[in-house]
Each structure stands twice: as structure tokens, then as C-alpha cells.
Amino acid sequence: MPPLAVGWRVLCGLQRRYARCWIFGSQRFLCGLTWNLSGHRLLPFRLVDATRRSCTIRQTTAKLHSLAPRQACKMPNCLPMTEPSPESDLSNIAISALIVDDDEPHAQAVSESLERSNCECTIAKSGREGIEAIERENFDVVITDLKMDEFDGLDILRKTKEELPDAEVIVLTAHSSIPSVVTAMQGGAYTYLTKPLDIQELRNAVDKASTRIRLLRRNAALNRRLDEKFGFEGVIGNSPAMKRVLEQLKALAPTDTTVLILGESGTGKELVARALHQNSSRKSKPFVPLNISALPESILESELFGHEQGAFTGAAAKRIGKFEYANGGTLFLDEVGEMPTETQIKLLRVLEDRRITRVGSNDEKPINVRLVAATNADLKEAMEKGTFRQDLYYRIGVVTIFLPPLRDRREDMPLLIEHFVKEFSKRHKREVQGVSRAARQVLMSFDWPGNIRQMRNVIEGMIALDSDGLLDVDDLPMELAELAGEINEGAPLASGSDLLVGRPMVEVERYYISRALELAGGKREEAANMLGIGERTLYRKIKEFDLK
């Protein structure tokens, strides 16, 4: 049977996506064409088998309602629409907008209008001010006049796409010349509007442009909730000292506060700095580490601030420094105590003014960088000797985080051992069942002068050498294997409790079971392995001694 034209039907509530549909039908199927307003084209569709002509139109309408954006419709005979849930309402998420216009009264009028639509507006009265604002701050929408002196709207568009790739740009022009409009759209502009402005048209354009930004913002908020629960997973520890460190990190991550991390070599200072960056609003921008002690004094300033071509012998080309490279993100300066005094002066000025000057240049460039510094040196002693500036110390040490050496937090060792065994077993594709009691005693008793880095390397070496699936004393490096011999000969283990001498055996047993559970972070299987007893035996002892 040839298709039979049934007629036109206006689909109420679908005006943003579908206006009309031309429906064809037969006894066996229903198909048709819809006019898509957003794409300005006809879209074919095929729907359910239909044998009753009286219901085919409603089925068609229902199908198209399921395809179209959810909107309420008050017209008669229109299918009911589902009300949006509060979670899907994005209008309460504020949007930051930059308005670049050398006509200040006009810019002010645009700002006042948009602020009524939950936009936080910043005004730049020239193209130069607009470029500096884009380099310094983050914006969701940039509204720029096309014709301006020195830097025009196309310069603003290019700078926005370089610095803020997620931002949308709306171009305003009283000179609607086709070439300039085409250039703007090809450069990534969201749309363009002609002056004099229709305020409602501008609001609609900003609202549509910001829909994607609001979705990204909501997703970021959901990710922050996940970070609160699962973030900082790389910072491992259950000891009071590490709990304090984690509390500090969670409080500092959302801020731009300068942080100084103190601790011995190998305690995980860079790991902590990365955790700060990864859980901050800057995580989409670069994290740039720089070890001061690894660089000769002659090139340190160039590494930090960059240089111009010909600034010194060997400067064959212009080069940006770490501050510029980290713009918008985090710069981590390790071993900051090794920095020469002359460079300290320049670093202090950069932190105060938030501007850098490349070596061989007179032009200042604004930067937006969070600084995290670290050292294993005693900076207070260095200040007394005059090798470290007091004013710089107080500037980089707005908040100080101290990472204790591994020997002072032995209760974290079981967690670290387990973590490294899992990490390197997976990396080297080895089937490792666990660590023997004798090897675990050695690992727990060693003082680890190289801290976490040394433990990590030792366990990786043990896994690489293992041949039977159980990390045992024969897999230990020589310096730790000697300690195993001392333990087997009855040498005292690190830090026992002489207060229990002469106490009843029940109290001694309760104390060491409690300590084993604490060292294992509450994990019964781990504690049972440490004690050399079965897990069921440990469970009975926990109930017997009423341990939590």
C-alpha cells in the first residue's frame, strides 16, 4: 500500500526543536518527517507498528515528545510534559562574565542587565584591560566589542581561546561587515550581535552560551564531592600525624594560599603538593615541579622567569619560564632553601606583584600561579646564617605542613607495605600472595633513613626478585637481611613496652593485639599475620578482650 498523507500537526511544547511533522501511514507502519528548527533541516523517523488510525497521531506526538527537550505546554490537547527535577535546574549556578567595551556607559548598562540573570560581571574599558583580565582571572563568558583601539574584539577572541578554552565569546558590533563576522565565527566565537543591542536578545544569547558552562560547573561540583570522599588517596596514613596532614590538605586545597611543606628527603613532599593541586580548582591547568638544587645558579632565573633572545650568551631563542608555563595552575619549588639570595629577592617581588619580567626584557607580564614550596633544610637556621631571607620565608610559609619521617609513624607502615605490594605486583605482572611474618617484622623494625621513597624502592626490588609468590627474608636487600639475622638471634625489636614487664600475661596479650590492630588500620587479616595467629583466633581474642 502506498503511504497515505494524514496531515500536519503542530507539536506543542517542542518549539525549540521540532515545529511540525508530516506524517505518513499505512496499516503496518508509521513514518514521517520533522522540521528541526535548530538544524534547519528535515529529519526522517519511523515509529511503531500501528493498526488503529485513531491512535497513530497521539503515538507519533508521544514519540517526538520523548525526543525533544522537556518543556511545559499549556495548550489544549497537548500531551502532559514531565516537570524538570530540581537537580536538573542549572539556573541557580552563577556565571562569571567579562565585558570588554571602550564605551563605558554601554558596558555598564550591559553589566547591570546581565547581573539580573545571575551573572557576575567584570568590566574592561579597553582591549588591553580585557587581555590583562583574561590572563589574570577565569571567566565563563566574554562579551566584547569588535571595534576598539590597540586591541580589538578579534584579539580578545584569540586570547580567550588561548587562556580560557572552555569560555564562550559573544562579539558585539555596530559595523556588521561580513568579513569581520566570518573571521570571528571561524575563530570560535559563539555568536555575534549588532548594536544597538536588544537586551533580551543578549540575555538569551548569554543564557544559551552558558548552558554548557553550567553543566561543566555542576559536574565539577559532583567531582568535588567525590574528591572529599576519595581524594588524597595517594597520601597514605592512619597515624595522628598523617590525619593532621590530611585535614590541612582538605582545608587548603580549595584556596590559593601559598604553602610551605617541610620534611626529610623521601617523605612525599611532591606527592602532597600534587594532591593539593589535583583537589583544587586549578587541576585542569598545569602542575609544574622544579627542583632548585638540580639547577646551576647561572640558569635558575631563566628557568623561573624565562628569557628573551640574546639576553645572554647561548640564548639563541626566546623561552618562557616555569611561572609562565604554570599560568593558571600550580608551581612547585622543591628544595627552595637552596635558592641563591639574588633570586630570592626576585621571587619575593613576583609573589608580591604577581608579575614576572623575563631576563633581558623590560616588559612585565601578569601571572596567576599558586606557589607550593618545599625543603628538607632548617630555614630558620638558614635565616640566622643569612643564607635565606626572612621576608621570603614568611611570604612562602603562609601555611606550613610538616611531614614526619617514616620512623616516627610506624603505625602507617603496614598500610604502605600493602599499597606498594599491590602497586608493583600489578606493574610487574607478578602474582604475589603477601609478605611473610619474618620479612614483615624486618620491614616494620627498620628505621628507613630514606623514608617512604626507600621503602617503595625496597619493596619493588623484592617483587622483582621474588620467584615463589611470597615476599620473604630471602628477597630482602643485604642491609635489611642483616637485620633479619639480628631479630632471629633474639635482638630486641624497635620500641617495645617495658611497662608490661611483670604484668599478667592476659594484659600483655591484650596490649599487643590492640597494637597490632592499630598498626594494621583495623584490618584483622593483616593483624593476624603480624601476630602469627589465625584470623578466627584473633576474632575470638577481640571479643574476649572487648577490643574495638
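## Helix α14 against helix α16

Met413, Leu416, Ile417, Phe420, Val421, Glu423, Phe424, Ser425 and Arg427 of α14 are in contact (heavy atoms within 4.5 Å) with Ile452, Met455, Arg456, Ile459, Glu460 and Ile463 of α16. By class, this contact has 10 nonpolar, 1 polar and 4 charged residues. Here Ala, Val, Leu, Ile, Met, Phe, Trp, Tyr, Cys and Pro count as nonpolar, Asp, Glu, Lys and Arg as charged, and the others, Gly among them, as polar.

This is a predicted model: local features need pLDDT of at least 70, side-chain atom pairs pLDDT 80 or more, while totals for chains, interfaces and linings use all residues. Residues are numbered from 1 along each chain as its sequence is written, and side-chain values use heavy atoms, without hydrogens or water.

The axes of α14 (residues 413-427) and α16 (residues 451-465) come within 9 Å and cross at roughly 45 degrees. Angles under 35 degrees count as roughly parallel, over 145 as roughly antiparallel, 65 to 115 as roughly perpendicular and the rest as oblique. The two helices are therefore oblique to each other.

The whole structure holds 5 aromatic pairs. Ring centres must lie within 6.5 Å; planes under 30 degrees apart are stacked, over 60 edge-to-face and the rest tilted. Two of these pairs follow.

| Pair | Centre to centre | Plane angle | Type |
|---|---|---|---|
| Phe420 and Phe424 | 6.5 Å | 35 degrees | tilted |
| Phe446 and Trp448 | 4.9 Å | 90 degrees | edge-to-face |

Phe420 and Phe424 both sit in α14, 4 residues apart, about one turn of the helix.

Note on methods: Axes are lines fitted to C-alpha atoms, for helices over the stretch in contact, and angles run from 0 to 180 degrees between N-to-C directions. Rings of Phe, Tyr and Trp (its six-membered ring) pair if their centres lie within 6.5 Å; planes under 30 degrees apart count as stacked, over 60 as edge-to-face and the rest as tilted.
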